[in-house]
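Here is a short report for a reader new to this structure. Look over the sequence and the model before reading on.

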Amino acid sequence: QQKVQQSPESLTVSEGAMASLNCTFSDGTSDNFRWYRQHSGKGLEMLVSIFSDGEKEEGRFTAHLNRASLHVSLHIREPQPSDSAVYLCAVLNNYAQGLTFGLGTRVSVFP
Amino acid sequence: EAGVTQSPRYAVLQEGQAVSFWCDPISGHDTLYWYQQPRDQGPQLLVYFRDEAVIDNSQLPSDRFSAVRPKGTNSTLKIQSAKQGDTATYLCASSPGFNERLFFGHGTKLSVL
């Protein structure tokens, strides 16, 4: 069964500084990895979906996937206070259907 | 385009009571998912449908939870005899096809006292 772990649990960054989040997974055969954001009391918003090793950029959000290392990261360029939220890593399960989520990283951005 | 709509936004129950959650997916999305998200945890899939058919309900506690999508559009998730361990946010999501981009509703926050 796919296991997804995220680090750090929480992250505080200054507005404009780069924020980096990590996600490791146990089954490298999955072919799709996604990053979601969840503002307090809101639903999930997909930020980036990546299929191949390497980099995928969507605006200020960049995901890096390394299947051999069982690792996918998310980098937030020039974070703003409105980016303060919980960021969730999700791995698509090929055999069991649906997504497996990590526990999330709570990001706080201060002016 | 309207997003995924869920109601109610909040529910507070005593143990043993029943509750129903309702979800209206994005028009044209054939796949609908129900997730359970306990506090400070990631969402966990309970059940998902393609049109009116249940595709996977292996994580649904079948003795107390049930989910239907009779016309392949709106869906209802019901909990009979709620327990304190059911306290969580229940998220509905829809997608235009299986494992395509999921669009989530705001969720229903359930507290069982």
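How many residues does the contact take from chain B and from chain A? The contact (heavy atoms within 4.5 Å) takes 19 residues from chain B and 18 residues from chain A. This is a predicted model, in which local features need pLDDT of at least 70, side-chain atom pairs count only at pLDDT 80 or more, and totals for chains, interfaces and linings use all residues. Residues are numbered from 1 along each chain as written, chains are lettered from A and ligands numbered from 1 in written order, and side-chain values use heavy atoms, without hydrogens and water.

**The interface**

The two chains bury about 1500 Å² between them. Buried area is the accessible area (1.4 Å probe) lost when two parts are put together, summed over both. Carbon and sulfur atoms carry 52% of it. B:Asn99, B:Arg101 and B:Phe104 supply 30% of the area that chain B buries against chain A, more than any other three residues.

There is 1 salt bridge between the chains. It joins B:Asp40 to A:Arg106, with the closest N and O atoms 3.9 Å apart. The cut-off is a side-chain nitrogen of Lys or Arg within 4 Å of a carboxyl oxygen of Asp or Glu.

**Chain A**

Chain A has 0 helices and 11 strands. Helices (H or I, at least four residues) and strands (E, at least two) are DSSP runs, numbered from the N terminus.

| Property of chain A | Value |
|---|---|
| Span of the C-alpha trace along its principal axes | about 45 × 30 × 20 Å |
| Share of contacts between residues at least 6 apart in sequence that join residues at least 24 apart | 54% |
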